[in-house]
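This report describes the structure shown below.

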Protein chains: 2
Amino acid sequence: MFTLMSIDGGVCAPNGFFADGKSVGLKPDNQKDLAFIYSDTLCSVKAIFTTNKFQAAPILHFKKHSVQKTNFVLINSKNANAMTGEKGIEDIEQILESACNRFKDIQNPVMSSTGVIGVPLPKEKIIKGLESFELEKKDGNSAATAIMTTDSYEKQIAFEVKLESGESFKIGAMAKGAGMINPAMATMLCFITTDAAIPDDEMEKVLKISAEVTFNAISVDGDTSTNDTVMLLANKKSGVYDKEAFSHALERVMHELALKIVSDGEGATKCVAFKITGAVNDEEAAIAAKALTNSLLVKTALYGEDPNWGRVASTIGASGITCDPSTLTITFGDVTVYNKGEILFDEEMENKAAKVMKKDAFSIHCDIGLGNGSFTAYGCDLGYEYVKINADYRT
Amino acid sequence: MFTLMSIDGGVCAPNGFFADGKSVGLKPDNQKDLAFIYSDTLCSVKAIFTTNKFQAAPILHFKKHSVQKTNFVLINSKNANAMTGEKGIEDIEQILESACNRFKDIQNPVMSSTGVIGVPLPKEKIIKGLESFELEKKDGNSAATAIMTTDSYEKQIAFEVKLESGESFKIGAMAKGAGMINPAMATMLCFITTDAAIPDDEMEKVLKISAEVTFNAISVDGDTSTNDTVMLLANKKSGVYDKEAFSHALERVMHELALKIVSDGEGATKCVAFKITGAVNDEEAAIAAKALTNSLLVKTALYGEDPNWGRVASTIGASGITCDPSTLTITFGDVTVYNKGEILFDEEMENKAAKVMKKDAFSIHCDIGLGNGSFTAYGCDLGYEYVKINADYRT
């Protein structure tokens with residue numbers, strides 16, 4: 001048994017972690033654009049990266065050095081440092097060398113970037129910007145703000161996890177999302193800090209398991225970025241660990257941040273849970289659920305608050321999973337609109353379903369009616385604002 | 001050797017074919033919504049249908065009767081007769097029985113539908129509407145108009161194919177597109193008529209080969225409809241056939257209609273050819289080309305006329321094909337913006353590339369630089385109008 005208590009501080013909440021964010025001139029109008037996370041003792045680190053074949057320079061740098069321990073992560077927004085070749089990696093080496101000169105206590109520093117692809121990193125601005133930081137600052141809010149791109153608000157969370165023994169550990173995290181969000185891999189930047197004494201060999205597994213049902217279950221636009229990273233930093237300062245409690249807390253942290261990312265998807269006005277049950281197995285349920293999050297016709301119907309269940313049915317049929325119209329049931333919120341071959345949809349039903357769709361968050365449940373496979377994916381609507389943001393993104 | 005001459009008449013152009021379209025009250029404001037194609041002699045017929053698991057009633061009806069010969073195709077718009085179960089098929093049987101009573105000359109009639117999914121077919125309106133038709137009408141334009149949904153203009157084409165011997169045959173076609181258009185299967189309604197004396201056993205193969213590089217190479221929104229159908233009707237009246245000439249003419253007809261569908265994609269302002277060369281094989285080239293047509297970030301950048309080549313690179317990397325940044329070259333029109341690891345993109349280059357993107361039609365060429373595989377897919381931009389059309393489609 002254990003209890004989770006929501007606490008303030010984001011990535012700074014666990015003992016020994018510090019963070020800050022500043023403006024160094026990458027974004028216009030003095031917006032914050034450079035952040036760090038620092039731990040006053042060395043952390044074990046594990047990360048999940050994008051499956052995009054063109055991984056960005058920070059990911060290549062991390063892998064090149066097979067980083068296992070670090071106590072400093074530097075993160076910039078506005079520039080992805082992707083498609084920048086060897087030069088991109090050299091830029092990181094120089095920036096991190098400057099960081100080591102500036103701050104004597106940091107070891108094996110790593111970097112992470114997000115923003116426009118294919119533009120050389122403005123290295124000098126970042127090196128100069130490092131001068132203005134102080135390591136022992138606990139401003140998780142500024143850090144979470146500095147890593148934003150088209151996000152409309154910063155995304156952070158933290159819990160204190162109390163075990164039955166009275167001992168406790170803390171876990172905190174920040175993330176950025178908004179665009180280039182697609183399931184089937186870690187799909188944004190997320191940094192998780194903890195003072196739990198998790199054994200090194202359990203970190204990667206628990207991170208992957210949690211990612212499958214959280215970050216890998218969301219989609220904003222079906223595009224998979226070159227920079228996606230989910231990083232877990234454990235300094236073990238609490239000396240406390242409980243496998244079940246930690247797994248639960250980690251999944252909760254990642255789930256809440258994943259929902260925040262979808263709710264703040266570019267131009268999104270609603271967050272919708274696409275729940276599939278009754279598929280022949282969980283894999284097929286996941287395929288159908290993720291197909292629904294990515295269908296443009298479903299996403300625009302959500303935006304129009306139009307209970308066009310035919311588009312939901314068509315998307316399931318097109319997803320390639322085992323399915324049959326005579327066993328399928330479709331329910332918007334608590335309104336069943338199609339039941340095993342029978343169209344229940346009349347004007348009254350349409351009004352009821354349209355009412356469900358006016359909510360900021362609701363579920364669409366499709367029971368395939370063939371087996372026990374289930375999966376829930378989270379998506380958002382697509383409206384004019386998405387087009388506006390993405391037709392103008394670089395300007 | 002053979003020559004193609006563009007002629008008028010659409011599906012009515014080949015000898016012995018007739019067609020018309022009328023308003024029977026399915027669409028508002030007396031818009032045309034019911035069409036037929038008739039041949040005064042029996043035709044061999046072959047069709048390619050959607051891979052969507054929830055195939056619509058007209059497709060199930062066609063397959064149920066294993067139709068090999070027909071001389072009458074009835075097509076309605078506004079209602080897809082999809083997800084309508086056994087009732088949907090019974091409705092078709094009754095409608096076609098009425099057609100046989102009305103017109104004594106028709107044999108094995110078939111039906112095709114397009115429009116909203118999950119609404120029972122207004123059978124009575126269609127049966128009543130049949131009364132107003134005359135079989136021996138040659139109005140391909142009205143037929144092509146009556147099968148439209150959100151298309152902004154009717155799509156038809158016809159050629160006379162002259163062989164070196166002086167003999168000739170004709171081929172005509174009409175299609176509807178606009179939404180739920182996705183590669184990897186026949187993705188819209190298209191009816192092709194010919195008086196060429198093509199042997200029955202060659203019809204299906206030539207239709208499939210042509211579909212791969214035409215209709216299966218286009219995308220408007222990545223959604224695969226329940227009703228997609230490409231149908232070839234051959235009454236063989238000319239007595240003339242030449243395999244090479246016919247294959248060429250059929251592919252030309254399907255290619256031109258495919259481009260019309262993309263150019264008239266819902267809300268589209270541009271038609272873009274995504275040409276992939278240098279992939280390890282043609283299959284991987286097709287995967288990358290089709291991924292580009294479906295990337296929301298690429299589509300919105302096209303709409304914004306923003307030469308954001310990083311999104312093109314990222315989409316190729318995310319598509320899963322074999323690729324490497326150091327062998328990739330990206331060219332917008334005739335402007336190379338990225339060359340094998342070298343970012344060529346400066347302000348002058350950006351202005352040149354932006355100028356290319358102002359055109360109604362242009363190409364984006366990605367040379368993967370690894371092999372001889374190639375494929376060209378055709379896509380369009382995604383702007384505000386797409387959202388408008390699809391958020392409001394049923395109302």
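## Salt bridges in chain A

A salt bridge of 3.5 Å, N to O, joins the side chains of Lys69(A) and Asp200(A); the term denotes a side-chain nitrogen of Lys or Arg within 4 Å of a carboxyl oxygen of Asp or Glu. Lys69(A) belongs to strand E4 (residues 69-76) of chain A and Asp200(A) to helix H5 (residues 200-213) of chain A, so the pair ties together parts that are 131 residues apart in sequence. Helices (H or I, at least four residues) and strands (E, at least two) are DSSP runs, numbered from the N terminus. Lys69(A) is partly exposed at 35% relative accessibility, and Asp200(A) is partly exposed at 32%. Here buried stands for under 20% relative accessible area, exposed for over 50%, and partly exposed for values in between (1.4 Å probe, protein chains only). Lys69(A), Asp200(A) and Lys236(A) are linked in a network of salt bridges.

The model is predicted: local features need pLDDT of at least 70, side-chain atom pairs count only at pLDDT 80 or more, and totals for chains, interfaces and linings use all residues. Residues are numbered from 1 along each chain as its sequence is written, chains are lettered from A and ligands numbered from 1 in the order in which they are written, and side-chain values use heavy atoms, with hydrogens and water left out.

## A pair described in both chains

In chain A, the side chains of Asp40(A) and Lys237(A) form a salt bridge of 2.6 Å, N to O. Asp40(A) lies in strand E3 (residues 34-49) of chain A, while Lys237(A) lies in the loop between strand E10 (229-234) and helix H6 (243-263) of chain A, so the pair ties together parts that are 197 residues apart in sequence. Asp40(A) is partly exposed at 33% relative accessibility, and Lys237(A) is partly exposed at 38%.

In chain B, the side chains of Asp40(B) and Lys237(B) meet in a salt bridge of 2.6 Å, N to O. Asp40(B) has a relative accessible area of 33% and is partly exposed; Lys237(B), at 39%, is also partly exposed. Over all chains, the whole structure holds 26 salt bridges.

## Interface of chains A and B

Contact, defined as heavy atoms within 4.5 Å, involves 56 residues of chain A and 56 residues of chain B. The area buried between chain A and chain B is about 4,500 Å², of which carbon and sulfur atoms give 63%; buried area is the accessible area (1.4 Å probe) that two parts lose on being put together, summed over both. Between chain A and chain B the count is 0 salt bridges.

Helix H8 (296-303), helix H9 (309-318) and helix H11 (384-391) of chain A are the elements that give two or more residues to the side of chain A that touches chain B. H9(A) gives the most, with 9 residues.

## Domains and a buried threonine

Chain A is divided into domain 1 (2-263) and domain 2 (271-391), with bounds from an automatic or database domain assignment. The C-alpha centres of the two domains of chain A lie 33 Å apart.

Thr327(A) is placed in the loop between H9 and strand E12 (329-332) of chain A. Thr327(A) is buried, at 18% relative accessible area. A polar atom of the Thr327(A) side chain lies 2.8 Å from the backbone oxygen of Ile368(A). Leaving aside neighbours within four places in sequence, Thr327(A) is in contact with Lys340(A), Asp367(A), Ile368(A), Gly369(A) and Leu370(A).

Terms used:
A polar contact is a pair of N or O atoms within 3.5 Å; within protein, one must be able to donate a hydrogen and the other to accept it, and residues adjacent in sequence count only if both atoms are side-chain atoms.
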